[in-house]
Amino acid sequence: MARDFAGWLSSHGWVVRTEVDFIDIVAEKDGRRLHAEVKGASTVPGLGVDTAIGQLVRRMPSEPDQAVSFALVVRDEPRSVEAAVRAPQRILDLLGMALYAVDEDGGVRQLFGRE
């Protein structure tokens, strides 16, 4: 799933690196940087989503930086998507975090936020 999301970013002009400083994906484009955590199959998707959000929050700079954004990537299946979108949009906006879902065929759709 991480490979699918990395490929999707690359096809949209991002330069992608994987497994950088404990972050699943770091991508750069036009002076912007995106940090993404990818959560695959889980028997408890909510726990995985909460863990990923916590991992992303720990990696956020102490000062606001409009050039840095964050993304949570989940499987495109009902339980994982429901767990991801439970996070309040107001909070996701404040954190500069986007949500994406990757289906079993590698298709990516954005659930919330900016690319």
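A nonpolar core is taken here as a set of buried Ala, Val, Leu, Ile, Met, Phe, Trp, Tyr and Cys residues joined through side-chain atoms within 4.5 Å, where buried stands for under 20% relative accessible area with a 1.4 Å probe, protein chains only. The model is predicted, so to speak of local features requires pLDDT of at least 70 and side-chain atom pairs count only at pLDDT 80 or more, while totals for chains, interfaces and linings use all residues. Residues are numbered from 1 along each chain as its sequence is written, and side-chain values use heavy atoms, leaving out hydrogens and water.

The largest such core holds 18 residues, with Val49, Leu72, Val74 and Met97 making the most contacts inside it. At least two of its residues come from each of helix H2 (45–58), strand S4 (68–75), helix H3 (78–85) and strand S5 (97–102); helices (H or I, at least four residues) and strands (E, at least two) are DSSP runs numbered from the N terminus. A separate core of 16 residues includes Phe5, Ile25, Ala36 and Val38.

Turning to the sheet, 6 strands form an open arrangement in the order S1-S2-S3-S4-S5-S6, with mixed pairing; two strands pair if DSSP finds at least two bridges between them. Strand S1 (15–20) and strand S6 (108–112) are the edges, each having a single partner strand, so one side of each lacks a neighbour in the sheet. Strands S2 (residues 23–29) and S3 (residues 32–39) run antiparallel and are joined by 5 bridges.

Methods:
Buried < 20%, exposed > 50% of the residue type's maximum accessible area, 1.4 Å probe, protein only.
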